Amino acid sequence: MRTRVTDMFGIELPIFAFSHCRDVVAAVSRAGGMGVLGALYFTPEELEMELKWIDDHVDGRPYGVDVVMPASYEGADFAPEELVGRLQSMIPEGHRAFVENLLSRHGVPPLSSDADPGRVLLGWTDATARPQVDVALRHPIALLANALGPPPADVVDLAHAQGVKVAALASTPRHALKQVEVGVDVVVAQGTEAGGHTGEISTMVLIPQVVDAVDVPVLAAGGIGNGRQMAAGMALGAEGVWTGSLWLTVEEADTPEMAKRRILAATSRDTVRSRSWTGKPARLLRNEWTEAWESEESPGTLPMPLQFMLVSDALRRIGRSDVSELATFPAGQIIGVTNQVRSTKDVVFGLLEEYAEALERLGRITGDQQP
């Protein structure tokens, strides 16, 4: 397969796989696509170790790193050394009480006294994401992606100075144009079907709008889980696909077992766009956690990054207690067909086989038409 993105990165397949698991990233790159490691959950020190491992296991194939540098968030003008303290003081006590009452009703115990300290502020502020960018650019990455809006122009320039291409996710044509204005090389047109942070426009509608709006290569994202959907994205003008939820249940994935079981059993109706995780709309597994935040008793969610700071310890408590009715996880609608555990390599080759079958079917249809 050959498109502008395969030529751009020297890859055999225009399949990009976003994952927080280094094993998945390396496996996809070795199979001919491009794995992209989500850096959000890692400290700079941890990210350094993860990327060193990928360097040693990717067989010289290209891979990427995805960071989160939102264009707007609470505390953007705070000094880094006072960021956490000032943000913590902005969280209302009523919100803290709501979370604690929700956990108590479901019998979720507190963390033990010897529990490791949690992370209330992940890498989705400028101050916390820039160290991740610095670490990433010390490694032979081929792509730096930004998951929320256009990356800062100086970060784009820094990546380009080191020969690294830049991608950014867009949920509207207007967002795509803003990204091109700051110099991104690839736009990921992500429809609302996608897991994690996502907009409101469906993939089928969004992709041709973005393709028509920009002159850089576009990747189709959101609801891409088999070769037929890959073929549809390419037919709409995309030059590759960006996939995420597809990899949550592969053999190599480090998805928590509770979440993996729910994903394997879920239908495509079992996700919902909710602000209950980060304060910005994100598609999550639907359950009593997401429903509680939409109930009449809810005080409402807080803006990013206050919401995650509010709920971070609660999510850790839920995970350690195995209270499945509250356990949520970012996941797209494609989980409705991810009902078995397969190896990453098998998933990649399955995409190709289904893609070829879709093209063959279309060829038969057009071949049967009379002039």
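1. In this predicted model, Asp154 and Arg130 form a salt bridge whose closest N and O atoms are 2.9 Å apart. The pair links distant parts of the chain, since Asp154 belongs to helix H7 (residues 153–161) and Arg130 to helix H6 (residues 126–136), 24 residues apart. Asp154 counts as partly exposed at 42% relative accessibility, and Arg130 is also partly exposed, with a relative accessible area of 26%.

2. Within helix H13 (residues 306–321), Asp313 and Arg316 are three residues apart and therefore separated by about one helical turn; they form a salt bridge with closest N and O atoms 3.2 Å apart. Asp313 is partly exposed at 36%, whereas Arg316, with a relative accessible area of 18%, is buried because it falls under 20%.

3. Helix H14 (residues 344–367) holds Glu360 and Arg364, four residues apart, and these two form a salt bridge at 3.5 Å between the closest N and O atoms. Glu360 is partly exposed at 49% relative accessibility, as is Arg364 at 48%. The total count is twelve salt bridges.

4. Glu193, in the loop between strand E6 (186–190) and strand E7 (196–197), deserves a separate remark. Glu193 is buried yet has no salt bridge, and the nearest side chain of opposite charge, Arg283, is 6.8 Å away. The side chain of Glu193 does make a polar contact with the side chain of Thr203, at 2.8 Å.

5. The second largest pocket holds about 540 Å³ of space and is lined by 24 residues, with Leu148, Gly149, Ser171, His175 and Lys280 nearest its centre. Helix H8 gives the most to this lining, with four residues.

Technical notes. Residues are numbered from 1 along each chain as its sequence is written. This is a predicted model: local features need pLDDT of at least 70, side-chain atom pairs count only at pLDDT 80 or more; totals for chains, interfaces and linings use all residues. Side-chain values use heavy atoms; hydrogens and water are left out. Helices (H or I, at least four residues) and strands (E, at least two) are DSSP runs, numbered from the N terminus. Buried means under 20% relative accessible area, exposed over 50%, partly exposed in between (1.4 Å probe, protein chains only). Lys and Arg count as positive and Asp and Glu as negative; His and the chain ends are not counted. A salt bridge is a side-chain nitrogen of Lys or Arg within 4 Å of a carboxyl oxygen of Asp or Glu. A polar contact is a pair of N or O atoms within 3.5 Å; within protein, one must be able to donate a hydrogen and the other to accept it, and residues adjacent in sequence count only if both atoms are side-chain atoms. On a 1 Å grid over the protein atoms alone, a cavity is a set of points where a 1.4 Å probe fits but cannot get out, and a pocket is an open set with protein on both sides within 12 Å along at least five of seven lines; lining residues have an atom within 4 Å of a point. Grid points are joined across faces, edges and corners, and a volume is the space filled by probe spheres set on the points.
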